[in-house]
Amino acid sequence: MTITKSQPLEQATTRKEDPKTKPGLIERWKIRPTPAKVLNLLNSAIKGNGNARENFESAVSVFEQLEPSKQHKVFLKIEKNLVSVSHFTLESDYKAREAHVIAQFIAKTAHCLPKDEFGDPISKPYQKTIDALARIAESDGPGNARSRNAHVVLTCTHALWELAYAYFYFWQDRVVDPITQDMAITFMLDMPRTENAEAHGWHLLGECLPQIGFALAKNISTNKSAFLREMIATKPKSAFRSALYLDEDLGEFVEIAHKLAATQVHLPDAERDQKLLEAAFEFMEVLKLSKQLRDPKKQPYALDRLLKLYQTKRSYLLPLIKDFYIKTLETSQDGWPEERLNALLTLNQFAAIKFQGQTSQHVQIQSLVDGLLDSGDYAILKRNVLKIGRAIALSFSEKKIDFIKSMIQDTDPVAVRDGLEVALNLPVIPQELKDAAAAVDGPAKNAAEEFLYVTDLKEKLMLADGTQFVAAEHLVNMYLRGKNYLLPTMFEISLEMADIFRDPGGNTEEEKARQKEQATKIIVLLATAGIKTPGFNVNFKTKAPPKPVSDTDSVSLPPKPAKVIVAKKRDPNEG
């Protein structure tokens, strides 16, 4: 006798006969379907004796040949074994295997049970089996026992479905559970329609839709689109958000959204369904943005908008953003130089919100720009100059001045203006670039003259005779009038004014006080342009002078900064 921790399947006893007195008995037993044979084959499948898969399939085949009364006996006998392993199942490999084989057998053979008037198996006589299967499907076990035995959990869940187990809260948990989610959603979606809508799987899915939207959209069931269209009436926000991830044409959903929006917009406020209207508009916007992500020209705006939406508690956008993020990350490592450059610039947008722990790509961008300058690949740099102008200006490459000069001398007026803007970001502007700008003629001449004027003002910022304040005031006023390319210069001025405020120059106290006062005036002017001076708070309500704060304190933005006029897109033919 062998003692085991798990009770073996009960064996039907048969009286041994002498083959000599009963010719052909063994042969007849091998081909005759009996409960004993089913149990023996199933036990062999559990223990892994011989070919486990073949033994299991044979057990199913023999069971299907039995009379209903004998099938009932087999179910009652395996029920005892299932109940015995249904406690702490996932903590024991042997228990888990036995439960898995038995549950799989039940799932395969439940169709043999007598049916009720709805065509469902009559499982009431096997309540203990149902309780045991549910206990295993819901069990956790220590550590990662549940995920390690996911196949057991799935098989028990499948067996319960085949036994027509219909407890609402059990299936609600299975629909949300990552292990059983896909299977459970498929079961619910593919349920035949019934008169009682609340007793149908679609009602259950509707209750869980905010949590399972993405998983439902990716489910294999062909009924998911019809389900989501039906849900728009009661769960518009969740239905539209899930529909965004369907791998099919969304034309019908777009048409529904347009009709809903058109209908709701023209209704009186009292009759308007604001939630429905907002859901339709948001669906159309996100769908448009997701398409723009594939357009290099529109991609930066689309990503910026999606990231802002994501930050406003719209977590349903995570799969869309994450998919784009992963592709961008791969491109930044393996793409061609220009592809890598654009991918790195895109990753900087993710870094702004620390998405997936993403950090700034400035070092990699700078390294790539240095390499492009050294290799003389100016075409890529010119196409992306507005995005990498500062990186070019701060490059240590000896060829950066040659590149900027080539842009200033270009025949395209837009390229000339771009080159002049890059030159303004240089720590020191060499004379040869000033000479190149002075020689510019044609449509870009005004831009060149403005460049020389700004260059002169920036040089005066370095003086200590009082003209630095006049120069600073002129530059800030230019920025306020829409010269957005001066933004880096604004930060330089803020740092310079902060230094003067703390340690004013001059030989007398009166002169020091005058410089401090002038620096204060510039700090306030910068604040009106929305530029914070590190270490200072400007209070517009009290009109008090800027108040220095410690470096660890937060510096508040002005309550209502003056509107900065955004410069219009430049016309190449403009003077």
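Helix 15 spans residues 274-292 and holds 19 residues. From its first C-alpha to its last it reaches 27 Å, close to the 27 Å expected at 1.5 Å a residue. The model is predicted. At the start of helix 15, D273 makes a contact with the backbone. A side-chain oxygen of D273 comes to within 3.3 Å of the backbone nitrogen of K275.

The buried residues are L276, L277, A279, A280, E282, F283, M284, V286, L287, L289, S290 and Q292.

Empty space was considered next. Rolling a probe the size of a water molecule over the atoms shows where empty space is left. Across the whole structure, the search finds two cavities of 30 Å³ or more. The second largest cavity holds about 30 Å³ of space. Its lining consists of K237, F240, R241, L244, A279, E282, F283 and Y316. Helix 13 and helix 15 are the elements that give two or more residues to this lining. By class, the lining of the second largest cavity has five nonpolar residues and three charged ones, with no polar residues. A279, E282 and F283, which line the second largest cavity, are also among the buried residues of helix 15.

Two or more lining residues come from each of helix 8 (150-162), helix 9 (168-176) and helix 11 (201-217). In total, 22 residues line the second largest pocket. Of these, D120, W161, A166, M191 and A199 lie nearest its centre. The lining of the second largest pocket comprises 14 nonpolar, five polar and three charged residues.

N348 has a relative accessible area of 17%. Buried means under 20%, so N348 counts as buried. Leaving aside residues up to four places away in sequence, N348 touches S360, Q361, H362 and I365. N348 and S360 are 12 residues apart in sequence. In space, the C-alpha atoms of N348 and S360 are 5.5 Å apart.

Key
Residues numbered from 1 in each chain as written. Predicted model: local features only at pLDDT ≥ 70, side-chain atom pairs only at ≥ 80, totals over all residues. Heavy atoms only, no water. Helix = DSSP H or I, 4+ residues; strand = E, 2+ residues; numbered from the N terminus. Expected span 1.5 Å × (residues − 1). Buried < 20%, exposed > 50% of the residue type's maximum accessible area, 1.4 Å probe, protein only. Polar contact = N/O pair within 3.5 Å; in protein donor to acceptor, adjacent residues only side chain to side chain. 1 Å grid on protein atoms, 1.4 Å probe; cavity = no way out; pocket = protein on both sides within 12 Å on 5 of 7 lines; lining within 4 Å. Nonpolar A, V, L, I, M, F, W, Y, C, P; charged D, E, K, R; others polar. Points joined across faces, edges and corners; volume = space filled by probe spheres on them. Contact = heavy atoms within 4.5 Å.
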